[in-house]
Amino acid sequence: NKGVVSLDKEGNRLFVFSADGTLTPPYVDNQRILFGAGSELISVKTSGGLNWRKDIAKFWRSKPVVDGNTIYVGSTDNGLYAVSLSDGEKEWRAETNGWVIGNAFVDSGLVYFGSNDGHIYAVNKATGQLLWKARTAQAVQSTPTPGTMGGKDAIFAGSTDNNLYAIDRNTGQVLSKFLAQD
């Protein structure tokens, strides 16, 4: 229906916020609902009123991720954006050579994300400066997940090449890949 619908626990409609274009999955907390619609990033109060809406980039499947006062969201213009939570102003953009349609993961001062260009990226969360990028054989559309591999801190991400990759969080070195068959 081209918008976001808020329902109570019984399924009763509380409000509808209309927006045009492809909608991303929403981020929701006690104060706001954030989502991309077409080329706009929109922040709506949980009561239904508009906080702000900004023309940022074309969005598709990347869910906005909030860390502190910053929103991180991927776009189909080959970038990951950092946007101010309070007013929707762009803070920085990390460039890739493919769409960023998966969700970002933020931890320990870094933002990890995949791209359709076949790389997993780690960038500084304050500046967007590239720390490393790790190559996979095809697109990375999954959300990077932290863990350990062989005693090393790792990021795990799936690729459309049917492999699950374990990447060293500090260096970007591929520690392992597991053929998942599908």
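Two strands count as paired if DSSP finds at least two bridges between them. Strands here are DSSP runs of E with at least two residues, numbered from the N terminus, while helices are H or I runs of at least four. This is a predicted model, in which local features need pLDDT of at least 70, side-chain atom pairs count only at pLDDT 80 or more, and totals for chains, interfaces and linings use all residues. Residues are numbered from 1 along each chain as its sequence is written, and side-chain values use heavy atoms, without hydrogens and water.

Strand E1 (residues 3-7) pairs with strand E2 (residues 13-18) in the antiparallel sense, over five bridges. Ser6 has Phe15 of E2 as its bridge partner. Five residues lie between the strands of this hairpin, where Gly11 takes a positive phi near 90°.

Now take the whole chain. It holds 18 strands and zero helices. Its C-alpha atoms fill a box of roughly 50 × 35 × 30 Å along the principal axes.

Next, the interior and the surface. Of the 182 residues, 46% are buried, meaning under 20% relative accessible area with a 1.4 Å probe, protein chains only. The chain exposes about 8900 Å², and carbon and sulfur atoms supply 46% of that area. Accessible areas come from the Shrake-Rupley method with a 1.4 Å probe.

Technical notes:
Buried < 20%, exposed > 50% of the residue type's maximum accessible area, 1.4 Å probe, protein only.
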